[in-house]
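I opened the model today to look up its fold, its core and a few side chains. My entries follow the display.

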Amino acid sequence: MTHEDVLQRASLALNGRRPQEAERIVREILRADPRHARALFILGAAQLTESRVDDAIATLESAVRIKHDAEIDTMLAIAFRRAGRDDDALSRLKRAVKRRPAYAGAFLEFGSLLTALNRYDEAVEILNRGMAVAPMMSQLPIQLGQTFLQRRDCVSAQAAFGRALSVAPDSLEALLGLAKAHQELGDCEPAAAYFRRCLMIRPDDARTLLNLGHCLLELGQIEAGYDCFRLAARGEQQRYGDALASLVKSGRGRFWLKPSAARQYLLKN
């Protein structure tokens, strides 16, 4: 069996969430060739999956010394970020997005980190560059939409999530993003339509049910809105607490003098 065959087995194990198996496989290669960059990359990714962050950093730093590669740079940046070393992650990602051939994942991780650091203009610029590199990668416009939402630019967020949906029509993240952008703008009817599409994919999602309930209350569909809160309240105790708090805080919600009355109302058949 060639090294490529072994690496493919390791990659399949890693993608199948079997990091220990992936590590065992690539160590077969590393015993024979300790400087095999791809094997070190897979080993570092496996260690990171197991939350062995320091081990992953050491392994991936060895890999980048051997091979200049945007994917390895990006994985090392992710490890730095997990370790709370944002400056090191930024430095590594600046290198990654300059590599050729271009690696779309580097632009996605860079944009995500810049957004987390509230550096929105830089994030938008990087994500747009990424979309030029990989126009069919839906995660890039989804992250762009999230960046716009955090910047309170809901109109631009709608355009970004719409682009993601044109690439991936069943993307739950894109549908949720569009729903939230419309809801923030007070456009409750299209927001409700997108929340309903989300529930077709994930019918029991409590947060989506609560958001849909709020939209329906604003549209004057009172009983249908309350039904959403009741559905969201069922199951775990935390769900009931979230539904009760959300309904009480709603501008068109309800309140009760007795907790027992609230429970009876929300949990009735």
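Which residues does leucine 144 touch, not counting residues up to four places away in sequence? I find Val124, Leu127, Asn128, Met131 and Ala160, with contact taken as heavy atoms within 4.5 Å.

Notes on the source. This is a predicted model, so I take local features only at pLDDT of at least 70 and side-chain atom pairs only at pLDDT 80 or more, while totals for chains, interfaces and linings use all residues. Residues are numbered from 1 along each chain as its sequence is written, and side-chain values use heavy atoms, with hydrogens and water left out.

Whole chain. I looked up the secondary structure and got 16 helices and zero strands; helices (H or I, at least four residues) and strands (E, at least two) are DSSP runs, numbered from the N terminus. The protein chain has 269 residues, and 49% of them count as buried (under 20% relative accessible area, with a 1.4 Å probe and protein chains only; exposed is over 50%, partly exposed in between). Of the contacts between residues at least 6 apart in sequence, 44% join residues at least 24 apart. I note an accessible surface of about 14,000 Å², with 49% belonging to carbon and sulfur atoms (Shrake-Rupley method, 1.4 Å probe).

Core. The largest nonpolar core has 85 residues; such a core is a set of buried Ala, Val, Leu, Ile, Met, Phe, Trp, Tyr and Cys residues joined through side-chain atoms within 4.5 Å. Helix H3 (residues 37–49) gives the most to this core, with nine residues. Leu144 is among the residues with the most contacts inside the core, a list that also includes Val26, Ile42 and Phe110.

Helix pair. I checked H7 (residues 104–116) against H9 (residues 139–150): the angle is about 10 degrees and the axes are 10 Å apart (lines fitted to C-alpha atoms over the stretch in contact, angles from 0 to 180 degrees between N-to-C directions). H7 and H9 are therefore roughly parallel, the word for angles under 35 degrees. On the H7 side the contact includes Phe107 and Leu108, and on the H9 side Leu140 and Gln143.

Glutamine 47, in helix H3, counts as buried because its relative accessibility is 3%. Beyond four places in sequence, glutamine 47 contacts Glu23, Arg27, Arg52, Asp55, Ala56 and Thr59. Histidine 182 lies in helix H11 (residues 172–184) and is buried, at 14% relative accessible area. With neighbours within four places in sequence left aside, histidine 182 contacts Gln158, Asp187, Pro190, Ala191 and Tyr194.

How values were computed. Angles under 35 degrees count as roughly parallel, over 145 as roughly antiparallel, 65 to 115 as roughly perpendicular and the rest as oblique.
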